[in-house]
Every structure is written in structure tokens, then in C-alpha cells.
Amino acid sequence: MSLFTRLSTSYFFYFAILGLISPYLSVFLDGKGFNSVELGEIFAILTATKIVAPSLWAILADKTGQKLLIIRLGALPALLSFIVLFWLNSYWPISFCLALFSLFWTAILPQLEVFTLTSVRHSSKIYARIRLWGSLGFVALAVFAGQVMEYYTQVDASNSIISSFTDAFVLMGGVILLCLLLSTMVIKPQRMVNKVQQQALAITGKLLEPRFVIFFISGVLLQISFGPYYGFFALFLRDLAYPGFAVGLLISLGVVAEILVFIFASNFFKAFSLKTILIFSLAATALRWFLVALYADSIWLLAFTQLLHAASFALFHSASMVFISEHFTRCQQSRGQAVYLGGVYGVGGAIGAYVAGVLWLDGLGASTAFLTASGTVLFAALLMWFMPAQVKQKSPVK
């Protein structure tokens, strides 16, 4: 088995579990009898682990130099904590297990990314081909789980061991995580060459620059707006009587659009300024949530909003990576990434999940939740308009 196949397999199963959890965790929790406020709280707890966990695992990996071991140490406890969900029904035990799962699961991707880039000698073409398998894994599980959800809404399986979608959800996740663990076991560790450590420069000044403050706040507001989508979208579509297969396809459509943008992102950066791309991404997201709030009963408009995922996630994420690479010096990149990921995705995601849970009202407040999300990200677009231009450094520190 080639290195390409081993790494691609790990990416496939890592994002496959994301393709299960991201759309269908709300359906699982709804099946356990939790209301929308409790769902929002659980999503907030789950997301909050992303604030500190990636940085903690990164520090451990840097100190030990054992990135592959960290990947495996993340996969095994993640599997065990997820499987325990099969026997749990109460709020706090489920919340604890999901938080524990997220704590270990978040250890995997950052180290896998570094390990992969090092293994392919930072070849962007080879990396893109490997990363593509992650998106395929997401699509495959989103569609498959949608079919499973549809099956359990039509069939009485009370006499079988897997008697409901909640049981099937845990079983699917357990199988995927087991496959992920096994895929990491066949990856061979690479001999790392020790490099002279660069002097770490303080980044406080960079973080307090108005340009970064506006960028950071806008990113947090964008992630807050994603709260109703990440937490309740599949449940929302189910309540609108969309069949499970259609739910999976609609979610996958957003991922396909995302893949295309990642492939052709360089063309956008050649044609438009970074600030223009960021504003466009935020404005397109505001339009997306507005249409979902008012016209979700139209599958064609809903499909269009999913295509806008190309702007609201892929294009904004690509532009954010460019922004961070330009704003921070080379020896500040890791810490800049940690601040961005922990703050934007961790804090913003946790606030968005909690607020969405409060507004959702078991489906009665769905339109209100998405309209609030639209207004939030529209404000982010207006704020981004005032972001100062980049000040070029005469002699950047390497």
C-alpha cells in the first residue's frame, strides 16, 4: 500500500465522521428526547472544546515530535468515548462523552495535515489529491446516513438490535472511527530532521492591529451565523418533510461546491483583492441564510443556497488563510493559526450553537434563527468594509 493510499484513507474516514456528525447529530439528540435549548447547549459544549484542544495537542506534538503517535492517541479514545453513547440517554452523560470525543478527535486533523505536507514535501498538487478524499468521505456518509434516516422513519425496527436512527448513528460512527484508527496504524512514521529553532516573536502587537481586530470579529460573527445550519439544518429539512436521500444530497451539494472553490481559489485571488473576496463571502452568506429562512420549502432555492456554501465557507476560509500568512511573520504563523481557529471556530461556533438553540424553539423559531444569522453576518460584511489596507513591511522577519 502506497503512502498516498494510506494518507488518503485516513482523510476519507476523518471527514466521513464529520459527514455523519455535522448534519445528523441534531437528529440523534432529537431522538434522545432533548429539546432545542438542550441541543444548543450540547453543541456549544462540543464546539467549546475547539477553543483550547487544538493548541494543547499542538504543544504536545511540538514538544515530543511524535505527530503520528498523537494522531493515534486521538483516534482510539475518540472511538471509545463515541461508542459509549450507545448506552446513554441522559443529558450530562451524553454531553460529557461528546465533549470527550471532540477533545481527542480534534487532535487528529492538525497533526495529520502537518504529517501529510511533510510527507509529500509540501507539494500542493499531491496534497490536494489526498485532501480530495476527505471531501469524498464527507459526501459518502452524508448521503448514506440520510438514507438510513429515511429507512428508520418508514420502518418499524423495534424488534431488532438497531431499533432506531439513534442506535444506527452510534453504530455508523463507531465503524468509521474504527476504520480511521486502523488506517492510522498502517501509516509508517517518518524520520524527522531536527531544525534550528527560530526565535519566537511576540504576536500581541499583531493581534491588536485594527486590521486583524476587524478581520477576527468578522470571522467570529460569520461562525455565529452558522449556528442554525450546523446545529439544526438536517432536522430542519426532516421537519419540512424532505426525504432522507434529498437531505444527504443537499448537504453534499455544499461540499461539492466547496471542493470546486478550493481547486480554483487561486484564480479568484488573481482577479480580486483579498478585502473584496472577504466582503463578498460574508454578503453571500447573509443572502444564503435569508433565503433559507423564507424559502426553504423550495428545493431549487434551497439547492442554490447550498451552492453559496462555496462562498460562505470555502472562499472565506481560503481568503482567511491568505490573510494570516500575510499578516503574521513566518515564526508567528502557528500561533496566529491557533488564535484564529480557537477564537473564530471555537468561540464563534460555541456562541452560535447556544443562540441557535435558544431561538429554535423546537422548530417554531427556525425562520427567526436563520434571519438572525443573516443579520449577524450582514453586519460582519459592513464591518469588513472598514478594514484598513495592509501595511507592507520593508524587512519582514523570517
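Which helix gives the most to the nonpolar patch?

1. Helix α15 does, with five residues. The model is predicted, and local features need pLDDT of at least 70, side-chain atom pairs count only at pLDDT 80 or more, and totals for chains, interfaces and linings use all residues. Residues are numbered from 1 along each chain as its sequence is written, and side-chain values use heavy atoms, with hydrogens and water left out.

2. The surface patch consists of I51, V52, L56, V347, I351, Y354, V355 and V358, and together they have about 610 Å² of accessible area (Shrake-Rupley method, 1.4 Å probe; for residues, only the protein chains shown count as cover). Patch residues have over 30% relative accessible area and no salt bridge, with nonpolar side chains (Val, Leu, Ile, Met, Phe, Trp, Tyr) joined within 5 Å and like charges within 9 Å. A salt bridge is a side-chain nitrogen of Lys or Arg within 4 Å of a carboxyl oxygen of Asp or Glu.

3. At least two patch residues come from each of α2 (36–64) and α15 (333–360) (helices are DSSP runs of H or I, at least four residues, numbered from the N terminus). L56 lies in α2 and is exposed, at 52% relative accessible area (buried is under 20%, exposed over 50%, partly exposed in between; 1.4 Å probe, protein chains only).

4. M185 belongs to helix α7 and is partly exposed, with a relative accessible area of 48%.
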